[in-house]
Amino acid sequence: MKNFKRARGHGNPFQLSLLTAAIAGIASGAIAQDTTNEEQVENNNEVMEEVVVSGVRRDLLNAQAIKRDSATFVDAISAEDAGRLPDRSVIEAISRLPGVAMGRFEGADDPDHFGVEGSGVVIRGLTHVRSEFNGRDAFKVNGGRGLSFQDVPPELMANVQVFKNSTADMIEGGISGTVNLVTRKPLDNDETVVAFSLDSTYADFIEESTPSYSGLFSSTWESDIGTFGLLVNYSKSELKAQSDGMQVGIYNLQNNQVNGEDVYVPRGAAIRRKQDDRERTGGALVLQWESPDEAIVATAEYLHSDSKLAWTEYGMEMDDGADRDLYPVAGSDFSFDNQGYFESGVITSEAGWRGNDADRQPGGRFGMQHNMVSRWRENEGIIDDYSFNLILRPTANLEISGDLQYVEAETNTFDFQMMGGARSVVGLDVSGSGLPTIDIFDPAYDGGAIQEDYLSDPRNNFHRSAMDHVEDNDGTEFASRLDLTYSFDSGFVTAVKVGARTSKREQTVRYSTYNWGVLSEAWTGSGNTWYDDAAGASVGYDQNSFDNFGRGGVLNIQGGDGLLFPDMDTVMQYPDVSAVLALSQGWAPLNQRDGVEGYFLPTEINEQEEMKNAAYVRMDFATTLGGMELDGNLGLRYIEIETDTKGFLSYPDFVADPNDPNDPLNFLDADQAAFGDGTTAENVATGDYSGVLPSLNMKLSVTDDSLVRFGLSKAIALPDLDQLSNHVSVWGDDLRVVLDPNTPPGQPPVPVSAKFERFLGDAGNPFLKPMESINYDLSYEWYFADDGNATASLFYKDLSNYFINGTVPRTMTNNGSTQVVQISAPTNGESGKIYGFELNYQQFYDWLPGVFGGLGMSVNYANIQDKGSPNGGADTAFDDLPLEGLSEHNFNVAMMYEKYDFSGRLAYNWRSEYLLTSRDVITTLPIYNADMGYLDASLFYDISENFQVGVQATNLLDTAVETKMQINQEGDLRTRSWFVNDRRYSFVFRATF
């Protein structure tokens, strides 16, 4: 344990809360208490005592020391005891820090699938976050650059540091911030430590319990040749969880007005039930040696992380034609709001022909067709990180540090879904402020009798389509660095640091298309394969009643005991799809496409090699200014980056139909015909960047307990590797055909000439440059106790070279023909500014009497504004959208308790509405995440010095996450979806020796 000394009753408690009047009342009592304490101190002649600090307070003390002593702006979370990170995952823990937020979906571009443990860290409104293990590169192999923090085992962490500005010796790339995950080392503690923890987590929605456990051994040994240290750490965690999603379809303008006014009706409703099965393992092995004179320290470390998430989903979603009017059932009307948007009603559709099975799908009003989706997805990410560090101190003033790192990473994904087809009438009520009400009726329902067995009868369901997707990614990185620090015993300059770093990252991302194809449909000419057919029965089906959907009161399935879906066991057998192929009228799996390598076409494989070289100089200084201590650092970092990207250039293939002499391509302009000969050329593109990144950090100690900090630096964010793709596809657009005016009447038109109006293309951009920012930070920090502080920070980012999608003309020559092609690709453009402020307060109220003396509070708030920042997506439905991921208001409050062997916390996290994605794949509309707040709690009891038991609770408020879709240029929003998920309770046992 760490000890520290303080005067009994000394230290001014914070006297005024920055955010609540209640704290002001508590603090006013502290003033009187403080006066009494000061008198006691005087009477007792500054009697000192040693106070042993443990548990939460020790972690807060350590985190505060990291922040206060840092060379730049940083917030931190500490977990000195093994397994003591205050939340169930790293991403949840860092979202408690000022200005840091997390997403709640599987990905920002997938607002249809809730992520139980969250995803996507945002720091001060930007998603360009750099991730590190112990100050070194850390990454998950996908199209991005960083880690998925929810995949990292929290049990391995000693502390987590979030840097919001930079110094010259820090690795470049953290334009919004750098998250450094610091693991334990044996020489950090000169005692032998054996620790383990066991817990069981119960998720109340899925009604499942899952285990987690971790163990740590750390020890040091003295010898004649120095001190040796060994640390072994292992953890394994499992989690099963469930989320229910209720969705409203895109609102379509109806052809039929109501009372002479335009009205908008949603394309029905969708329901989803997703069940997660997550397994996360991690390990660390650390060997250290320190010479007897402490002049040499060697550290060899191996880190392993393996995270697997598999989920299944049953979903029902309308797919009945976007251009078709929807109608209320007979004898009823829709209810609309004052803007003409649907609020409630029972929806059906009308069509003249639905196939040749008229007895099963008659014409007229007979419900809407729905996809009945059975989906399975499994993703696994593995990281193996090997490093060696050697520190030499040949003199008292000189330190030399050498560092080597090798990383291997891989990510694999299988994603397969089968879609059945079924018709039904849907009742929907979104008029209230809470969850919607959804009723599902048989398709013939007209407000009268209900066909009781219709929805659960296999005769009324058919196998409609299938879709598969595969990812197979691997990458390696080798990095080395050398740092020299020379310290001066006196003078303005206290130290000079110089260093260099080089790295080489090789990565191959194999990312297939989402391969949809028809299994059976009326329009194929072969008819539907119904579940009760011999062929359909060979695959089978599942019946799902959606018990307790959305925790009840949301879904009513009329006319049956449940809904039918393709057999999930068959879906989970992928890549074995033999049973599915037996009934397919068009779909074939990825690995049966022409020209594939395994599951991937050459154009779906992105191979890259990135080499980075950097050198820096940093000068640390210290002086006095008006009697106050001023210290800081000034530095320059020079970087060179070269990226080689393999790819393909695919020209159009203007091949005319040999059986049609009047095919316009037979009359195509000769120059354009030569250009479009179908050539595919492999090539390697090399992009490069170099620049200087200056930085200045200063800290003015106004008093012994307070300081003013200033930071100014230039930072960059590197483009995601998928944006650097070197694949270019070209096609002709808007073919203009001149017809023979002398063609006899009644004869087919005969072309005379044809010419494309323009050439278009899609591409990545291997020449994309980094995004740049000048970052300004200013803070006032008051440390009125070893674990108590109040801080206020201002920040301003002047950003340029944003990554956006744009169209640029490119002159291209093929087969002797030169054409100008309008290429749509990522590009650098536009500028913006992000600015705001952060407030933070933390204190334990030791001066309160008796049992109340263990109370404490932590509060922080961040206000973040944006001006002019563009989003990277293309083809958005509306202009002038806010920046994706940026919440204007971000708030955390935690009530803490630490006394009498009890340690507890009640923590609330809230963020305001933000743009989740500027273009949803399904609706093509901007989707917003509504305001949301989560309440979590924990309570632990120390049975003895060695044993502790406790409980942790997550999502106590049973928060329903709501998303909204923007419906017009004016910015009006309508609810798109609601998601309900588990409350989780973890029962924990810990032992430390």
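Reply: Leaving out residues up to four places away in sequence, Y264 touches Y251, N252, L253, F336, Q339, G340, Y341 and F342, where contact means heavy atoms within 4.5 Å. This is a predicted model, in which local features need pLDDT of at least 70, side-chain atom pairs count only at pLDDT 80 or more, and totals for chains, interfaces and linings use all residues. Residues are numbered from 1 along each chain as its sequence is written, and side-chain values use heavy atoms, with hydrogens and water left out.

Me: How far apart are Y264 and F342 in sequence and in space?
Reply: They are separated by 78 residues in sequence and by 6.0 Å in space, C-alpha to C-alpha.

Me: And which strand holds Y264?
Reply: Y264 is in strand β14, residues 264-266; strands (E, at least two residues) are DSSP runs, numbered from the N terminus.

Me: Changing topic: is V980 buried or exposed?
Reply: V980 is buried, with a relative accessible area of 3%; buried means under 20%, exposed over 50% and partly exposed in between (1.4 Å probe, protein chains only). V980 lies in strand β50, residues 973-981.

Me: What does V980 touch?
Reply: Beyond its neighbours within four places in sequence, its contacts include F205, Q242, L435, R551 and D958.

Me: Where is E207 found?
Reply: E207 is in the loop between β10 (193-203) and β11 (208-223). E207 counts as exposed because its relative accessibility is 59%.

Conventions:
Helices (H or I, at least four residues) and strands (E, at least two) are DSSP runs, numbered from the N terminus.
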